[in-house]
Amino acid sequence: MIPWSELPIASAAEALPVLGKGVDQDWSRRAGDTSLTARDMLDHIVLGVTGYAGLLIARPADRYLGLRTGNEPDAAIPLRIESIEIAATLLSLTVRATSPEVRAYHPWGTSDATGFAAMAAVEILVHSHDLARTLGYGWSPPDILAAQVVERLFPEAPKGHAPAQTLLWCTGRIALPGLPQLPRERWQWYGEVR
């Protein structure tokens, strides 16, 4: 098991080389089955991961933060990809510095540092999967990272499948044998501390 404080960095280290292969492609097209463009999805990842660090620092009990961060509107794709690494590093350092008893708001369950590290891994890994599909690459998250995320955030995940496939099923990306694909708008992780 990877230390929780390293999970966001490890997720970025796996995903960013895949994204980097497509820097010269058209990032204005829709990312996977989402409503975001590929360019906007990069910003979505940065906003989410940075926001998780902010939540752990501010520790609100019942709301999101006023903090908003992202890329400059005209930032080139390589700079947007670099921003994911920066956001992952900020969160990893925050998780490392956060006491185990700290809790912070998330609409899908008030969570601790391990929960926010796992949430960031979902943002990075699953959206990088969406982007890799858009860019024409066959990439799935590494099983070692996916297993840790599924165990922490998806306690009712089906058993007997590869961890990456299970993560993609839990987030409405694929069907599994005997299990139809979840609707994209209906999946949800369990963020509460367990």
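**View 1. Where helix 6 ends, we meet G172.** In this predicted model, G172 follows helix 6 and has a positive phi, near 70°.

**View 2. Helix 6 is largely enclosed by the rest of the structure, because six of its eight residues are buried.** Look for A164, T166, L167, L168, W169 and C170, the buried residues of helix 6. What lies over them? The cover of these buried residues includes helix 4 and helix 5. Helix 6 is also where confidence in the chain is highest, at a mean pLDDT of 98.

**View 3. F154 and its contacts.** Setting aside neighbours within four places in sequence, F154 is in contact with V122, V149, L167, C170, T171, W187, Q188 and W189.

**View 4. The largest nonpolar core has 62 residues.** Which of them touch the most other members? They are V122, L131 and F154. Helix 1 (7-20), helix 2, helix 3 (77-97), helix 4, helix 5 (143-153) and helix 6 (163-170) each supply at least two residues of this core. Helix 4 gives the largest share, with 14 residues.

**View 5. Helix 2 meets helix 4.** The axes of helix 2 (residues 38-58) and helix 4 (residues 113-135) come within 10 Å and cross at roughly 175°. The two helices are therefore roughly antiparallel to each other. On the helix 2 side, the contact is made by A38, M41, L42, H44, I45, V49, Y52, L55 and L56. Helix 4 brings A113, F116, M119, A120, E123, I124, H127, D130 and L131. How do these residues divide by type? The contact holds 14 nonpolar, two polar and two charged residues.

**View 6. S11 sits in helix 1.** Is S11 buried or exposed? With a relative accessible area of 0%, S11 is buried. Not counting residues up to four places away in sequence, S11 touches A121, I124, L125 and L145. One of these, I124, also takes part in the contact of helix 4 with helix 2.

**View 7. How confident is the prediction?** The chain has a mean pLDDT of 93, and 99% of its residues reach 70 or more. Confidence is lowest in helix 2, at a mean of 94, and highest in helix 6. Where pLDDT is low, the predicted coordinates should not be read in detail.

Definitions and conventions. Residues numbered from 1 in each chain as written. Predicted model: local features only at pLDDT ≥ 70, side-chain atom pairs only at ≥ 80, totals over all residues. Heavy atoms only, no water. Axes fitted to C-alpha atoms, helices over the stretch in contact; angles between N-to-C directions. Helix = DSSP H or I, 4+ residues; strand = E, 2+ residues; numbered from the N terminus. Parallel < 35°, antiparallel > 145°, perpendicular 65-115°, else oblique. Contact = heavy atoms within 4.5 Å. Nonpolar A, V, L, I, M, F, W, Y, C, P; charged D, E, K, R; others polar. Core = buried A, V, L, I, M, F, W, Y, C linked by side-chain atoms within 4.5 Å. Buried < 20%, exposed > 50% of the residue type's maximum accessible area, 1.4 Å probe, protein only. pLDDT = per-residue confidence, 0-100.
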